[in-house]
Amino acid sequence: LDVIQDMMQDKMASMLEEDLCCPICQDIFKDPVLLSCSHSFCKECLKNWWREKPERECPICKRKSSRD
């Protein structure tokens, strides 16, 4: 039973860490930005991503964003 509990705690910790990581830089969020589609990114990562793109869209789902 202890082994199962340890496995569950490890899984929950990795899920939590994954939720706190920017999908662009793969690091823990720095100055997080939440888009209208509910995806989050570091502010600088998103600014750099959008600098390369003609449209301001979510890097994950491609939904257009009005966020500056």
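## Burial and surface

Of the 68 residues in the protein chain, 21% are buried, where buried means under 20% relative accessible area, exposed means over 50%, and partly exposed lies in between, with a 1.4 Å probe and protein chains only. The accessible surface of the protein chain comes to about 5,500 Å², and 53% of this surface belongs to carbon and sulfur atoms; such areas come from the Shrake-Rupley method with a 1.4 Å probe, and for residues only the protein chains shown count as cover.

This is a predicted model, in which local features need pLDDT of at least 70 and side-chain atom pairs count only at pLDDT 80 or more, while totals for chains, interfaces and linings use all residues. Residues are numbered from 1 along each chain as its sequence is written, and side-chain values use heavy atoms, with hydrogens and water left out.

## Helices, strands and contacts

The protein chain has two helices and two strands, and from the N terminus on these elements run in the order α-β-β-α. Helices (H or I, at least four residues) and strands (E, at least two) are DSSP runs, numbered from the N terminus. Among contacts (heavy atoms within 4.5 Å) between residues at least 6 apart in sequence, 16% join residues at least 24 apart.

## The largest nonpolar core

Which residues make up the largest nonpolar core? The core consists of 11 residues in all, namely C22, F29, V33, L35, C37, F41, C42, C45, L46, W50 and C58. A nonpolar core is a set of buried Ala, Val, Leu, Ile, Met, Phe, Trp, Tyr and Cys residues joined through side-chain atoms within 4.5 Å.

Another member, C22, is buried, with a relative accessible area of 1%.

S65, in the segment after α2, is also buried, at a relative accessible area of 14%. Leaving out residues up to four places away in sequence, S65 touches L35, W50, R56 and E57.

## Cysteines without disulfides

A disulfide is a covalent bond between the sulfur atoms of two cysteines, and here the term is applied to a pair of cysteine sulfur atoms within 2.5 Å. By this rule, the count comes to zero disulfides. The sulfur of C21 has its closest cysteine sulfur in C25, but the two are 7.8 Å apart, which is too far for a bond. C22 is likewise in no disulfide, and the nearest cysteine sulfur, that of C45, is 3.9 Å away.

## Salt bridges

How many salt bridges are there by the rule used here? The count comes to three, a salt bridge being a side-chain nitrogen of Lys or Arg within 4 Å of a carboxyl oxygen of Asp or Glu. In one of them, the side chains of D27 and K30 meet at 3.3 Å, N to O, and D27 is partly exposed, with a relative accessible area of 38%.

K47 and E44 form another salt bridge, with their closest N and O atoms 3.5 Å apart. These two residues lie three residues apart in helix α2, so they are separated by about one helical turn. Both K47, at 40% relative accessible area, and E44, at 45%, are partly exposed.

E55 and K64 also form a salt bridge, their closest N and O atoms being 3.5 Å apart. Here E55 is partly exposed, at 39% relative accessible area, whereas K64 counts as exposed, at 54%.
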